[in-house]
Amino acid sequence: MSDQAAASSFGQAAAVYERGRPPYPAEALDWLLPAGAGQVVDLGAGTGKLTRQIRDRGLHVTAVEPSDGMRAELGRVLPDVPALAGSAEAIPLNDHSADAVLCAQAWHWVDPERAVPEAARILRPGGRLGLIWNLRDEREDWVRRLGELIHSPEQHRRAEFGSPFGPVETRDFTWTHEITLDRLLDLVASRSYIILLSEHERAAVLDAVRELTATHPALAGRDTFAMPYVTECARADLPQR
């Protein structure tokens, strides 16, 4: 499966993505957002999982998303938020028009050599580029086995910005998200690897996940499951002028 095929797969499963993907811990947003930020861009916004959390803080947020399907779902759930067609490599906003650019679950799909100067272009002096990923915490046995079933073990995400940004700071946040079986299945079905399977193959994987929840000692007999996450964050600021 090519990176391009994987990256472009999400639009066809936008509603599943919206149902299944978790939010982000408030402490992570506290750390990522610069003090006094008023104009924030959610880059690669998907269905708006991060967008709504920024909006709910009373900030003005503009979503930028390349997938028509994901952008349509974002418009359905957040009709009051501007949602623009664009990418990290071609952001449809004016120079020096934002205080912060955040990118959730998407930076590993972009070309940093083009995306870094584009983010710098739209940021004001002293503006911030921040990245965030929710990664399942596979130190938990059932979570590790889930990753094996869906052929998608979690990987540490690297964040290297370079000029014109200053030094990159990183921080991890550990937390849990309580989900039902249906939401767990939606989470699995929203992975790019699963989206691109045939209908028969996808059904087999989802059946295996159901079997895991019915038989694993940490899950059997439960109506909800505490999914542990490590949320990895990185941030870097432009110099003040």
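How many bridges pair S6 and S7, and in which sense, parallel or antiparallel? Some notes on that and on the rest of the fold follow.

1. **Before you start.** This is a predicted model, in which local features need pLDDT of at least 70, side-chain atom pairs count only at pLDDT 80 or more, and totals for chains, interfaces and linings use all residues. Residues are numbered from 1 along each chain as its sequence is written, and side-chain values use heavy atoms, with hydrogens and water left out.

2. **The sheet.** Seven strands make up an open sheet with mixed pairing, in the order S3-S2-S1-S4-S5-S7-S6. Strands here are DSSP runs of E with at least two residues, helices are runs of H or I with at least four, and both are numbered from the N terminus. Two strands count as paired if DSSP finds at least two bridges between them. S3 and S6 (169-180) are the edge strands; each has a single partner strand, so one side of each has no neighbour in the sheet. From one strand to the next, the twist averages 25 degrees. Angles run from 0 to 180 degrees between N-to-C directions, with axes fitted as lines to C-alpha atoms, for helices over the stretch in contact.

3. **The S6 end.** To come back to the opening question, S6 and S7 pair in the antiparallel sense, over twelve bridges. Within this pairing, Arg-171 has Cys-233 of S7 as its bridge partner. Helix H8 (residues 181-189) packs on the sheet and touches S6 and S7, and its direction makes about 135 degrees with that of S6. Contact means heavy atoms within 4.5 Å. In H8, the residues Leu-184, Leu-185, Asp-186, Leu-187, Val-188 and Ala-189 are buried. Buried means under 20% relative accessible area, exposed means over 50%, and partly exposed lies in between (1.4 Å probe, protein chains only). The cover over the buried residues of H8 includes helix H2 (14-20), helix H7 (141-149) and helix H10 (199-215).

4. **Strand S2 and its two neighbours.** Follow S2 (residues 60-65) next: five of its six residues are buried, so the rest of the structure largely encloses this strand. S2 pairs with S1 (residues 39-43) in the parallel sense over five bridges, and Ala-63 in S2 is the bridge partner of Asp-42. S2 also runs parallel to S3 (residues 83-85), joined to it by three bridges, with Glu-65 opposite Ala-85.

5. **Two crossovers.** S1, helix H4 (residues 49-55) and S2 form a right-handed β-α-β unit. S2, helix H5 (residues 68-77) and S3 form a right-handed unit of this β-α-β kind too. Right-handed means that, with the strands pointing away from the viewer, the path from the first strand over the helix to the second runs clockwise.

6. **Nonpolar cores.** The largest nonpolar core has 28 residues, and Leu-43, Trp-107, Leu-129, Leu-131 and Phe-165 have the most contacts inside it. At least two residues of this core come from each of S1, S4 (98-104), H6 (112-122), S5 (123-136) and S7. Apart from this core lies another, of 23 residues, including Tyr-24 and Trp-31. A nonpolar core is a set of buried Ala, Val, Leu, Ile, Met, Phe, Trp, Tyr and Cys residues joined through side-chain atoms within 4.5 Å.

7. **Helix H6.** Among the buried residues of H6 are Ala-115, Val-116 and Glu-118, and the buried residues of this helix pack against S1, S4 and S5. At the helix start, a side-chain oxygen of Asp-111 comes to within 3.1 Å of the backbone nitrogen of Glu-113.

8. **Asp-237.** Asp-237 is found in S7 (residues 224-237) and counts as partly exposed, at 30% relative accessibility. Its side chain makes a polar contact with the side chain of Arg-128 (2.7 Å). A polar contact is a pair of N or O atoms within 3.5 Å; within protein, one must be able to donate a hydrogen and the other to accept it, and residues adjacent in sequence count only if both atoms are side-chain atoms.

9. **Backbone details to check.** Ser-163 and Pro-164 are joined by a cis peptide bond, with omega about 10 degrees; Pro-164 lies in the loop between H7 and S6. His-96 is not a glycine, yet has a positive phi of about 55 degrees. Gln-105 also has a positive phi, near 60 degrees, and is buried, with a relative accessible area of 13%.
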